[in-house]
Amino acid sequence: MKNVSYIDRPNRPLFVYAVLFLAFLYIPVLFLPLFSFNDSIYIAFPIENWTLQWYRDMFKNEPMIAALMNSIRVGVVASVLSTFLGIFGAKAVTRYHIPGRNPMIAVIMAPLVIPGIILGVALLILINRVGIPLSLYTITLGHILVCVPFSMATLMTRFEGFDKSMEEASADLGENAWWTFWRVTLPMVFPGVLASMLLCFTISFDEFILAFFLGGTDPTLPLYIWGQLRFPQRLPNVLALGACILLISFFVVFISQWLVHRDHDSIKSAG
Amino acid sequence: MTTKQSFITIDGVSKHFGDVVAVDNVSIDIEAGEFFSLLGPSGCGKTTLLRMLAGFESTTTGEIYIDGKAMSEIPPHQRPTNMVFQNYAIFPHLDVAGNIAYGLRKDKLGKVEQNRRVDEALEMVKLPGYGKRRAHELSGGQQQRIALARALIKRPKVLLLDEPLGALDKKLREEMQLELRALQESVGITFIFVTHDQEEALTLSDRVAVMARGEVLQMASPKQLYNYPINVEVADFIGQMNFFDAQVTDVQDDQALLDVEGLGQLKVSAQGELVQKGASLVVALRPEKLLLSEQGNAGDENTIRGELSTSAYLGSRSHYFVAVDGCEYPLEVAGHDSGFGTDVSLQRGSEVWLSWSRESLVLLPAE
């Protein structure tokens, strides 16, 4: 116990709490990959035989591949467009003295707290009224709506972290607003732009409710999985697919968080 | 404007931020090639004025002319000014060469010529071979030089410097002051320098404008400013100063008699409109204009008796604080250590004598 500062002293109750908390959070999720290696189509212990069968099947499953491609297309378009909107929104609210700045941020952030089902119904009614046929395009539109707040939040920290005098220096050295944006602002927030795109992609990729309401005949991957759950014998396939999605999602979110925090400090201290 | 113009004319410029008046009807003329300083405590409007020259702030009223051209409609990127920022604003995503060459894009110089210009600029700020480094690998002093090179490579008509030496330690700051002055003389560009450090302003400048509350209190050469401040505020801000309240008791021809708090009856030359019979004014006296000795006579002219209350050892010199009957605060007196043993070691409470010459007295209007 010597040489340990007050704040670093071990705290047994807190440690136990942390372990229980993490177990509660992750053990149910970990059942998914675990049973994806199960030979039987019934989910029950003990697991008698192990297999990679379900993973092999996945690659031969054409409707699933089609759904995956749909999800990727929607995800890419939604992440690029919402990040594009996020850049300008974040620059506007962090750089300029706009009247009503805080209410404006609140309105932009609102989709974060509006229940997805409300948003889904509302958009469905609107889109029907306007007369746009439901398709992957309408799903993309809905996804942009829920992604923009995440993009804004990611990029606002980035914009707030860098010194306004960088842009002034660029103007002072003869560049107008357009060139200043390309030569200084964008390169400096670029890790944030990447992080925002990755985050928006995962959000869109995993999103179910809006896709359910706004989808046409082409399913996204979550819609496809939902459809498969009606057939008990397809469950192991879904588990294998779920395990893959889980792994990739973790990976992408991890990268995006790393991008946000990496060299964030270096930009601050260089300022 | 039809009258003959200076190189830079700041003509009745004000800046309001809501209800706050940051700069209040300031008019300054600056000549080409001058090293001009804006000096004042923080919040006096000096940085706002500089930012208006650069074009980052608009003027609420008034107009700024540079080389005969009105600036109010000209955006920052088209002004013939370049700026060295207080925090240097070195672009972190570019290396040193990229930073310095930043302003050359539109000149379309070609790689060879551009590299030559960058090397030349690095040479000028004494950092040859630093082109490939990144900003975060540089010390504060080096970043400051890069910022200087980046601004000067554009060959501006005016270089604006916003407390560029503020973040450096004392030794480096003094070194950079000398270099900055030498650089200014060699490139011949007009420098406008903002600082709150009066010593720095006096060391560097051809002329200094002392600012407070958005106004220019006095604009003069460093010598003029130090020896002939025009009011108590300027005198107090520039260096150390002892102040005494005084009354004019008699005026005869070119002589006047003052009744000065603590110093008694003093004869001064009755020049200027301050010295009117019965008027009250302030007499100011620099610490180094007071001579301290252990012997003296009560009857001598311009001599008073006091008692040493404290002393401050400053290395190159000592400052003594001497309590004098009739003065609210002890007088500050500069001691000189010439190494000849003339600077006697004095005890607290010792009786000392202070004397001064009539010419060292500065008469200022009463507040």
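**A walk through chains A and B**

Start in chain A, where helix 3 and helix 6 cross in a right-handed way (the near helix is turned clockwise from the far one by less than a right angle). Helices here are DSSP runs of H or I with at least four residues, strands are E runs of at least two, and both are numbered from the N terminus. This is a predicted model, in which local features need pLDDT of at least 70 and side-chain atom pairs 80 or more, while totals for chains, interfaces and linings use all residues. Residues count from 1 along each chain as its sequence is written, chains are lettered from A in the order written, and side-chain values use heavy atoms, without hydrogens and water.

Now hop to chain B and find its open sheet of four strands, ordered 2-1-4-5 with antiparallel pairing; two strands pair if DSSP finds at least two bridges between them. Strand 2 (20–30) and strand 5 (69–70) of chain B are at the edges with a single partner strand each, so one side of each has no neighbour in the sheet. Next, select 8–17 of chain B: this is strand 1, joined to strand 2 by seven bridges. Which residue of strand 2 is the bridge partner of I8(B)? Look for I30(B).

Last stop: color 6–237 and 242–365 of chain B, which are domain 1 and domain 2, with bounds from an automatic or database assignment. Their centres, taken over C-alpha atoms, are 39 Å apart.
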